[in-house]
Amino acid sequence: MGTELLAPLDLAFWHLESDAHPMHLGALAVFAPAPGTAPERILHVLATRAAAVPRLRMRVRDVLLPVGGKAWTADKDFDVRRHISHVVVDDGDFMAQAGRLAGELMERPLGRGLPPWRMYLIGGPAGGPFAVLVKLHHALADGMRAVAIGAGIFDEIAAVAGARTTARGRPAVPPRSWPPDPRAMAGLALGRIGEVGRALGVGASVVRAGRLGPRSTTAFTAPSSGTRRLATADLDAGRLKRIRRAEGGTANDILLAVVAGALRRWMAERAEPLPAADPRALVPVSRRRPGVATASGNRLSAYLLDLPVTEPDPLARLRAVREAMDRNKAAGPLRGAGAVAVLADQLPPLAHRFGAPLAANAARVLFDLLVTSVPLPRSALSLDGCPLTALYPMAPLARGQSLAVALSTYGGRVHVGLVADGKALPDLDRLAAAVEEEFTQLGAALTGTDRVPVP
């Protein structure tokens, strides 16, 4: 794989990062042990398979042109052992220990002189379950691309990749270079004119979407501390399908409504009054076209959604979310605060270098939290014969943000990963429990039985 310029949105994520606000995605994959499983063997498999993924051998370097740009280039001194570590947790509740450790590891920024990723093998008592924490810088991949890269460690995907006959490491699209072919200059100029017009329209939508009023809860106004906590929740995918059949909408609509109900329950437990304005969620949307080879960088937009925490009825919350998301989809991805990602994709590299401090502080004005769904393969997955039992995705926190919620469906369960600022939300475990309770509450609302009382 040759030199490839960072796409504008990738460059934005690279410049938005600071020591207190690392911009990496993550996932905590939990495995059941197989007979004869040994940490040394798992570490060897992880190292071998990660080293075979071309994208994981790339680092970011400066370039002369375009001014302010950066490029992906192969790390000539790549050593996979720098990126994979083994951490042992104490005896006891393995998931609680692994979650605590994963939160601490997510605090640490990735080294900038190396390919920006890390894997940690988290081992528990001998013969028990183990986990792998994967961290990928957001400049390296968006959620869908991160899944494709991370999936290379699994037996099933590694076997398919090993059987390919194409040259290893060849990019799906030609690498970006500068300057462009002179024959393409005229078309490039016309394209830039169109991009400027679109950027102005997107920028106007973003400005209109900004909100300067009071935030919905004191947890969302707490200053960033740079600390991280991780909590997890598990929901029954079968029940999710039954709710969808009964009420319509999408699975994502239902999960957004559950998050809204969980926030309401959590605020009540904190003895916080209901907010005057519902908290705003940024809901990322992939702009990748299924089945079409695209560049390796981020291809994102997002929708803006007011989560109806002030609505007491769970079914009414679901209907409000469904109607709002339908309006978002009808308007398209170039409206509202979610269009920030599209706007960033239109700006030149120099604008990202000098505009990063301003952009970093814009998130708190535009939205209160991020809620994203990450698609996973439907087939059963394993690592060296050890079956994958759960995978909890983790999203980064923007500056001024205290909470991000990511969801993925695998093995008949919806796995929810909640990442929070550790000081702003020390009771994150209660919010995770509220997610499970509100999911039960929504299902019970369809039958009128087994309700979970709201405090």
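This report describes selected sheets, helices and loops of a predicted model.

## Basis of the model

Local features need a pLDDT of at least 70, side-chain atom pairs count only at pLDDT 80 or more, and totals for chains, interfaces and linings use all residues. Residues are numbered from 1 along each chain as its sequence is written, and side-chain values use heavy atoms, with hydrogens and water left out.

## The six-stranded sheet

Six strands form an open sheet with mixed pairing, in the order E5-E6-E7-E2-E13-E12. Strands (E, at least two residues) and helices (H or I, at least four) are DSSP runs, numbered from the N terminus. Two strands pair if DSSP finds at least two bridges between them. E5 and E12 are the edge strands, and each pairs on one side only. Helix H3 (residues 94–107) packs on the sheet and touches E2, E5, E6, E7 and E13. The direction of H3 makes about 20° with that of E7. Axes here are lines fitted to C-alpha atoms, for helices over the stretch in contact, and angles run from 0 to 180 degrees between N-to-C directions.

Strand E2 (residues 24–31) and E7 run antiparallel, joined by eight bridges. Within E7, alanine 131 stands opposite valine 30. In a regular strand the side chains alternate between the two faces of the sheet.

## Helix H2

Helix H2 (residues 39–51) has 13 residues. The distance from its first C-alpha to its last is 18 Å, close to the 18 Å expected at 1.5 Å a residue. The expected span is 1.5 Å times one less than the number of residues.

The buried residues of H2 are Ile42, Val45, Leu46, Ala47, Ala50 and Ala51. Buried means under 20% relative accessible area, exposed means over 50%, and partly exposed lies in between (1.4 Å probe, protein chains only). These buried residues pack against strands E5 (84–88), E6 (117–123), E7 (130–137), E12 and E13. Contact means heavy atoms within 4.5 Å.

## Leucine 110

Leucine 110 is found in the loop between H3 and E6. Is leucine 110 buried or exposed? Leucine 110 counts as buried, because its relative accessibility is 6%. Not counting residues up to four places away in sequence, leucine 110 touches His24, Pro116, Trp117, Arg118, Lys135, Leu136 and His137. Leucine 110 and aspartate 19 are 91 residues apart in sequence, yet 9.3 Å apart in space, C-alpha to C-alpha.

## Helices H8 and H9

H8 and H9 pack at about 105°, with their axes 9 Å apart. H8 is therefore roughly perpendicular to H9; that term covers angles of 65 to 115 degrees. H8 contributes Leu240, Ile243 and Arg244 to the contact, and H9 contributes Ala251, Ile254 and Leu255. Five of the contact residues are nonpolar, none is polar and one is charged. Ala, Val, Leu, Ile, Met, Phe, Trp, Tyr, Cys and Pro count as nonpolar, Asp, Glu, Lys and Arg as charged, and the others, Gly among them, as polar.

Glycine 248 is in the loop between helix H8 (237–247) and H9. Its relative accessible area is 26%, so glycine 248 is partly exposed. Glycine 248 touches Ile243 and Arg322, not counting residues up to four places away in sequence. Leucine 318 lies 70 residues from glycine 248 in sequence and 9.6 Å away in space, C-alpha to C-alpha.

Helix H14 (residues 428–447) has 20 residues, which should span 28 Å at 1.5 Å a residue. Its end C-alpha atoms are 30 Å apart, which agrees. The buried residues of H14 include Leu428, Leu431, Val435, Phe439 and Leu442. The buried residues of H14 pack against strand E8 (228–236), H8, H9, helix H10 (314–331), E14 and strand E15 (413–421).

Strand E11 (residues 369–373) is mostly covered, with four of its five residues buried. E11 and strand E14 (residues 403–410) run parallel, joined by four bridges. Serine 373 stands opposite leucine 407 in E14.

## Two residues with positive phi

Most residues other than glycine have a negative phi. Alanine 271 has a positive phi of about 65°. Alanine 271 sits in the loop between helix H9 (251–269) and strand E9 (280–286), and counts as exposed at 68% relative accessibility.

Aspartate 384 also has a positive phi, near 50°. Aspartate 384 lies in the loop between strand E12 (382–383) and strand E13 (386–394). Aspartate 384 is partly exposed, with a relative accessible area of 25%.

Terms used
Angles under 35 degrees count as roughly parallel, over 145 as roughly antiparallel, 65 to 115 as roughly perpendicular and the rest as oblique.
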